[in-house]
Amino acid sequence: MGLKLEDINLSHIYEYVQTGKIEESNTIDPAVPEYLDLLEKCRSMHLRIDEFGHKDAIIAHLRTVEKLTYHVANNIYNDAMEYFYSDKQISKDAWRNIIAQYMQKNYILALQLAQDTKDVKSANSILLEMAKTLRLDQPDEIKPDEAAYTQPFKMYSIDAEFLGLPAINRSELAKLIDNFPEISEKHKIRLKQEAALLPTKLFLNEHEDPRKS
């Protein structure tokens with residue numbers, strides 16, 4: 001059994017446009033291209049501001065001429081705006097594009113009626129408002145690098161307990177370091193720092209680092 005107009009949504013339209021068929025039936029359902037034609041007709045009426053200046057006028061035309069129910073006509077209007085201007089129950093981005101299109105028409109009309117540079121300047125202000133509507137005055141959104149959050153990372157610690165190892169006797173460890181006869185005092189200090197027995201200094205110059213001096 002084929003699809004009815006009230007059963008169709010934008011997912012069917014996208015599938016039909018991309019593949020030329022509907023996966024459910026693996027054929028071209030006649031209702032789908034019919035629905036797509038109605039979307040195009042709806043968009044054409046939307047652009048004819050002088051005759052169909054708003055949604056109610058377009059829906060009334062679809063109900064009278066195409067004999068559609070209000071529910072189907074309303075869905076077709078919403079899908080037409082979303083299909084041609086963005087993507088599902090008229091999003092804000094779709095509305096921005098719709099409004100900008102109206103503003104562009106106003107700009108062209110203002111230029112056609114301009115009689116002096118003052119009128120041209122007023123027309124240009126429409127362009128400025130259109131740019132703001134489309135957020136062209138704002139920087140592009142920086143998308144986070146997902147790979148940065150999925151890559152494994154290493155964590156280092158000199159705290160034995162943090163690593164799940166038994167706690168050490170710090171006094172005994174200090175005595176053990178002091179009793180190394182073959183290392184210099186500078187090496188002993190550095191070993192104690194690395195064992196957290198003394199305050200740790202992360203960045204040493206060559207004079208302070210016993211491994212370099």
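This is a predicted model: local features need pLDDT of at least 70, side-chain atom pairs count only at pLDDT 80 or more; totals for chains, interfaces and linings use all residues.
Student: How many helices and strands does the protein have?

Tutor: The protein has 9 helices and 0 strands. Read from the N terminus, its elements run α-α-α-α-α-α-α-α-α.

Student: Why is the contact between Glu66 and Lys41 called a salt bridge?

Tutor: The rule asks for a side-chain nitrogen of Lys or Arg within 4 Å of a carboxyl oxygen of Asp or Glu. In Glu66 and Lys41 the closest N and O atoms are 2.4 Å apart, so the pair meets the rule. Side chains of opposite charge can pair when their charged atoms come close.

Student: Where in the chain do Glu66 and Lys41 lie?

Tutor: Glu66 is in the loop between H3 and helix H4 (70-85), and Lys41 is in helix H2 (residues 31-47). The two are 25 residues apart, and the pair links distant parts of the chain.

Student: How many salt bridges does the rule give?

Tutor: The count is 2. Besides the Glu66 pair, Glu51 forms a salt bridge with Arg48, with 3.0 Å between the closest N and O atoms. That value is within the 4 Å limit, so the label holds. Glu51, at 49% relative accessible area, is partly exposed, and Arg48, at 37%, is also partly exposed.

Student: Why is the pair of Tyr83 and Phe84 called edge-to-face?

Tutor: Two tests apply. Rings pair if their centres lie within 6.5 Å, and planes over 60 degrees apart count as edge-to-face. The ring centres of Tyr83 and Phe84 are 5.0 Å apart and their planes are at 85 degrees, so the pair is edge-to-face. The protein has 2 aromatic pairs by this rule, and Tyr14, Tyr83 and Phe84 form one aromatic cluster.

Student: How do you know that Tyr83 and Phe84 are partly exposed?

Tutor: Tyr83 has a relative accessible area of 22% and Phe84 has 26%. Buried would need a value under 20% and exposed a value over 50%, so both are partly exposed.

Student: What sits over the ring of Phe84?

Tutor: The charged end of Arg43 does, 4.9 Å from the ring centre. One part of the rule asks for a distance within 6 Å. Phe84 itself is found in helix H4. Its C-alpha atom is separated by 9.4 Å from that of Ile98, 14 residues apart along the chain.

Student: Why is Ile177 called buried?

Tutor: Its relative accessible area is 5%, and the limit for buried is under 20%, so Ile177 is buried. Ile177 is found in helix H8. Of the 213 residues of the protein, 26% count as buried.

Student: Which residues make a nonpolar surface patch?

Tutor: Leu176, Phe180 and Leu191 make a patch of about 230 Å². Phe180 lies in the loop between helix H8 (170-178) and helix H9 (185-194), and at 30% relative accessibility it counts as partly exposed.

Student: What makes Lys67 worth a remark about phi?

Tutor: Phi of Lys67 is near 60 degrees, a positive value in a residue other than glycine. Lys67 lies in the loop between H3 and H4. Its relative accessible area is 68%, over the 50% limit, so Lys67 is exposed.

Student: Where is Arg135, and what is its phi?

Tutor: Arg135 is in the loop between helix H6 (117-133) and H7. Its phi is positive, about 60 degrees, although Arg135 is not a glycine.

Key:
Residues are numbered from 1 along each chain as its sequence is written. Side-chain values use heavy atoms; hydrogens and water are left out. Helices (H or I, at least four residues) and strands (E, at least two) are DSSP runs, numbered from the N terminus. Buried means under 20% relative accessible area, exposed over 50%, partly exposed in between (1.4 Å probe, protein chains only). Rings of Phe, Tyr and Trp (its six-membered ring) pair if their centres lie within 6.5 Å; planes under 30 degrees apart count as stacked, over 60 as edge-to-face and the rest as tilted. A charge sits over a ring if NZ of Lys or CZ of Arg is within 6 Å of the ring centre and within 35 degrees of the ring normal. Patches are made of residues with over 30% relative accessible area and no salt bridge: like charges are joined within 9 Å, nonpolar side chains (Val, Leu, Ile, Met, Phe, Trp, Tyr) within 5 Å. Accessible areas come from the Shrake-Rupley method with a 1.4 Å probe; for residues, only the protein chains shown count as cover.
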